[in-house]
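Here are my notes for you, point by point. Keep the picture open while you read, and take your time.

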Protein chains: 4
Amino acid sequence: MVIDTQNERPRHRIQLSKVGVKNLKTFIITERSGLRHHILPTVDITIDLPAELKGVHMSRLVESMTEELSDQFRVHSSIEQIQMRILEGLVNKHKFKRGEVKFDFEFGYVSHTPVSKKRTWEVCDVTATTIMEEGKPFIHDVEVKVIGNTVCPHCMANNDGLTHIQRAFGKLRIVGEIDKIPTYGSMIEIIEKSFSSKTYSLLKLEDEMHVTKEMHDNPLLVEDVCRNILQHAKEKYSDRDLEMFAEARSLESIHKHDVIAQGRIVTNGYD
Amino acid sequence: MVIDTQNERPRHRIQLSKVGVKNLKTFIITERSGLRHHILPTVDITIDLPAELKGVHMSRLVESMTEELSDQFRVHSSIEQIQMRILEGLVNKHKFKRGEVKFDFEFGYVSHTPVSKKRTWEVCDVTATTIMEEGKPFIHDVEVKVIGNTVCPHCMANNDGLTHIQRAFGKLRIVGEIDKIPTYGSMIEIIEKSFSSKTYSLLKLEDEMHVTKEMHDNPLLVEDVCRNILQHAKEKYSDRDLEMFAEARSLESIHKHDVIAQGRIVTNGYD
Amino acid sequence: MVIDTQNERPRHRIQLSKVGVKNLKTFIITERSGLRHHILPTVDITIDLPAELKGVHMSRLVESMTEELSDQFRVHSSIEQIQMRILEGLVNKHKFKRGEVKFDFEFGYVSHTPVSKKRTWEVCDVTATTIMEEGKPFIHDVEVKVIGNTVCPHCMANNDGLTHIQRAFGKLRIVGEIDKIPTYGSMIEIIEKSFSSKTYSLLKLEDEMHVTKEMHDNPLLVEDVCRNILQHAKEKYSDRDLEMFAEARSLESIHKHDVIAQGRIVTNGYD
Amino acid sequence: MVIDTQNERPRHRIQLSKVGVKNLKTFIITERSGLRHHILPTVDITIDLPAELKGVHMSRLVESMTEELSDQFRVHSSIEQIQMRILEGLVNKHKFKRGEVKFDFEFGYVSHTPVSKKRTWEVCDVTATTIMEEGKPFIHDVEVKVIGNTVCPHCMANNDGLTHIQRAFGKLRIVGEIDKIPTYGSMIEIIEKSFSSKTYSLLKLEDEMHVTKEMHDNPLLVEDVCRNILQHAKEKYSDRDLEMFAEARSLESIHKHDVIAQGRIVTNGYD
């Protein structure tokens with residue numbers, strides 16, 4: 001006979017907001033608009049735990065994922081769809097009021113060099129979370145982080161055009177109802193055009209000259225990059241109810257430390 | 001003549017919540033209740049930026065710290081005091097409505113082995129942030145992360161006393177008015193007694209036997225460890241208005257993934 | 001007219017052993033013995049640089065990879081084959097005496113729970129490098145890192161069977177001529193059976209009881225795990241000329257620090 | 001009666017090269033030439049294990065450090081001296097043929113801004129290891145890693161002076177008899193002057209203009225930075241028998257990946 005420790009009364013009757021598994025690994029294929037993606041996410045699955053129960057049945061959380069992804073080569077329509085189905089499967093196995101499934105992964109996409117027009121493969125970091133809460137629509141929370149650069153306009157203005165340049169990171173995080181969330185591709189595009197220039201895994205000399213000129217024609221502080229991301233996102237997604245966060249971070253080439261800028265914006269209708 | 005790019009109007013008039021420097025390094029000596037600590041923090045200093053200004057004068061943020069810490073060997077009374085003085089210095093150099101100074105560092109403390117009573121040196125991770133906001137008291141936000149262990153009571157109950165044991169992390173984060181914040185030592189003590197047992201940098205055989213027995217007498221899920229931290233903190237700090245968060249994470253010895261539990265509690269009076 | 005800085009004479013005529021690109025990303029599909037793998041490696045490509053040349057044409061190193069992997073959905077026979085072809089392509093673009101291609105990636109494989117026989121998905125870390133040197137056969141250097149556990153036999157022997165248990169890492173690194181290198185699957189198997197027990201992403205209660213008993217029946221120090229890996233590798237690969245390194249690391253549950261053991265062995269014929 | 005598992009015969013009689021503790025923490029004060037340093041190292045202590053012994057007595061390794069550092073506020077003459085004394089203490093507690101003590105830590109030093117002459121606090125990473133082997137002198141192996149920058153001369157030459165600039169890392173590693181090893185300060189100086197320019201935690205506008213001009217006057221590839229470090233080290237330490245390794249890595253501002261260069265040089269007399 002099994003002793004069900006999890007269903008005992010805990011010593012201290014305190015409600016817990018998130019209990020579950022962290023750093024699980026899986027493998028997923030998605031296809032959207034004809035583009036196939038192979039994704040190796042690190043997965044967290046957590047649920048709330050009422051004050052009167054001692055523990056969560058952890059293996060049911062793992063099974064909610066392994067059962068949904070039992071066919072490793074099945075092609076899914078999107079990460080959001082998979083996460084919703086994991087939560088729908090989980091709620092039939094284990095009671096909860098609020099559950100969430102979070103994936104951290106690298107997302108690859110094709111780009112082209114600006115002059116020589118060669119095909120390149122670029123990679124960005126994505127964190128995508130779906131939240132299921134009793135009596136509410138599914139919420140999705142996605143952050144995309146892309147590598148670009150900044151060129152200091154303050155130094156350029158005071159130094160006869162000479163300035164310092166550096167690698168930078170741009171982040172756009174969007175929270176909203178799951179069917180309002182834009183594609184990763186659309187978010188990547190917004191971040192890339194917010195930098196002094198895009199970055200590429202391959203640049204032939206003619207491309208490098210083009211990119212370097214573009215950078216000098218478009219000097220930006222991290223404050224500018226952060227506002228560009230927010231403004232572009234606001235314009236592009238004005239018809240949806242979304243909460244949006246942006247961050248720019250610059251690995252200063254004249255300092256050992258970084259500089260950062262963060263902001264938040266909501267589209268009309270989001271409260 | 002200097003061109004003050006930062007004071008220009010930005011292209012997109014969006015207010016930014018945090019702009020500043022990240023991953024600065026410094027060195028600090030503190031002494032509290034006769035205990036001297038040498039701390040090498042990684043520092044973030046950020047302020048808000050109004051919609052009508054293009055940028056922050058970053059070097060003033062750095063100077064607010066270097067001027068406060070110009071005498072490297074000066075003994076300070078606490079991290080909170082240093083952070084308050086950096087913000088008070090900064091507000092005289094650069095206008096802001098909300099500024100914050102964040103330190104990440106390793107904090108060492110003396111402990112003693114349980115049986116052989118040898119002196120040991122233990123280290124935990126601390127993140128401490130002070131926030132200065134117009135018209136409000138200074139707020140302090142501190143998180144302490146300590147290494148301990150869990151022993152699975154569910155497996156033990158079903159398996160004739162045999163069970164799995166593993167390293168675990170316990171976190172306690174406390175937010176409140178700066179003079180209400182407890183010492184690191186008091187927070188460490190709360191976390192350490194919430195595990196199946198404390199951990200030590202040195203254990204002679206008699207200590208190892210003692211610790212191992214203690215662990216088996218006190219089997220705990222991460223849910224139990226998290227609730228223990230919250231309960232102990234609630235009892236100890238009941239007379240202060242604080243918001244408190246706890247997390248327990250266990251590096252499962254039978255899995256490749258971890259399990260976690262998170263909760264939040266407030267003491268009477270905190271709204 | 002292009003100024004070819006790379007072909008100029010350097011200021012200091014010093015030969016460099018490795019020059020190239022680091023942290024490139026790509027995407028690869030392999031299939032071996034009917035098992036398909038989707039791999040997202042982080043890539044380093046480096047060559048030597050003679051004393052009389054100022055620099056390497058970095059874009060040719062990137063192109064040696066992008067041209068080999070131009071068809072993203074092509075199925076390759078192995079990582080070794082891809083790395084050899086990248087080096088063969090590179091030597092036609094850029095002169096070198098010694099070149100190497102290194103991939104770091106997560107490698108997923110199917111396993112089954114020991115009692116309930118459910119299918120699980122396990123992931124380990126692999127670092128695989130192919131080296132091409134003038135007048136020598138291709139050399140391959142591969143390290144596989146798998147998560148397992150240790151159970152302390154010293155504590156168990158002195159403490160009436162009570163002991164401490166913890167997550168551990170096992171590594172096996174093999175260096176040899178490229179056609180002598182075993183499969184990842186075979187290396188993973190060797191490491192997994194060298195621990196107190198294997199670990200699983202999913203365990204139902206009957207599996208957890210089985211694994212816990214197995215662990216207590218097989219208490220091992222990191223020294224034992226390291227020697228097990230070396231012995232198993234020596235037995236399995238006795239007919240090949242290989243140099244083999246093993247490491248075991250244990251995240252001690254009673255300490256904040258880890259314990260490690262490292263060793264090296266060669267099979268007959270390796271000099 | 002204690003059962004001494006470590007002294008039993010192992011199942012597989014394989015000699016192990018390194019067995020010990022990893023990621024121990026401690027706190028040390030040193031003073032050399034009147035400069036006091038406060039150091040929080042992460043410590044590894046390992047020894048070899050003969051084929052006929054099952055295990056190492058791990059607590060003796062920890063004690064060799066805690067006994068040497070029992071007075072936390074004692075001022076030591078150097079890291080090398082501490083490491084030698086730990087090994088000399090250890091060899092009296094535990095037999096070994098080859099033992100090593102490794103410290104990883106951040107090392108802070110005072111610098112001054114180039115024009116405004118303000119005092120700054122800069123930090124670099126150091127890894128320092130002392131090796132004690134039967135019948136041989138103490139060997140020391142130290143690596144210093146400093147942040148600087150590169151400015152691409154190839155792009156500058158082809159693009160009317162426009163180029164890309166980025167943060168870079170320079171490393172110098174020196175191996176030799178312990179009394180031949182130079183100070184960290186001397187190694188830092190060599191690395192700093194090998195970049196396009198030094199970096200600073202604080203720069204006022206006049207300093208930033210100076211640094212930016214210096215960078216454009218001194219465009220360097222990672223190959224150049226690596227050779228500069230090797231050449232400067234060779235010149236400075238020509239009278240000592242040392243083996244020296246250098247690495248330069250550049251966080252390219254136009255790419256998502258890095259570029260690296262590595263080399264090795266020995267001074268006369270080193271064989």
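1. In what order do the 3 strands of the open sheet in chain A run? The order is β3-β2-β5, with mixed pairing. Strands here are DSSP E runs of at least two residues, helices are H or I runs of at least four, and both are numbered from the N terminus. Two strands count as paired if DSSP finds at least two bridges between them.

2. Before going on, note that this is a predicted model: local features need pLDDT of at least 70, side-chain atom pairs count only at pLDDT 80 or more, and totals for chains, interfaces and linings use all residues. Residues are numbered from 1 along each chain as its sequence is written, while chains are lettered from A and ligands numbered from 1 in the order in which they are written.

3. Back to that sheet in chain A, with its order β3-β2-β5. β3 (35-39) and β5 (75-76) of chain A are at the edges with a single partner strand each, so each has one side without a neighbour in the sheet. Strand β2 (residues 28-32) of chain A pairs with β3(A) in the antiparallel sense over 5 bridges. Look for A:Glu31, which sits opposite A:Arg36 in β3(A).

4. Now try chain B, where helix α1 (residues 58-68) packs on helix α2 (residues 79-91) at an angle of about 130 degrees, with the axes 9 Å apart. Axes are lines fitted to C-alpha atoms, for helices over the stretch in contact, and angles run from 0 to 180 degrees between N-to-C directions. That makes α1(B) oblique to α2(B) (under 35 degrees is roughly parallel, over 145 roughly antiparallel, 65 to 115 roughly perpendicular, and the rest oblique).

5. Which residues of α1(B) and α2(B) meet? B:Leu61, B:Ser64, B:Met65, B:Glu67 and B:Glu68 in α1(B) meet B:Ile82, B:Arg85, B:Ile86, B:Gly89 and B:Leu90 in α2(B). In contact means that the C-beta atoms, placed from the backbone, lie within 7 Å.

6. Chains C and D also pair strands: β11(C) and strand β1 (residues 16-25) of chain D run in the antiparallel sense over 5 bridges. There, C:Ile260 has D:Gly20 in β1(D) as its bridge partner.

7. Finally, compare chains A and B. A rotation of 180 degrees with 0.0 Å of shift along its axis superposes chain B on chain A (RMSD 0.0 Å), by least squares on the C-alpha atoms of residues with pLDDT of at least 70 in both. The two copies are thus related as by a two-fold rotation axis.

Conventions: Contact = placed C-beta atoms within 7 Å.
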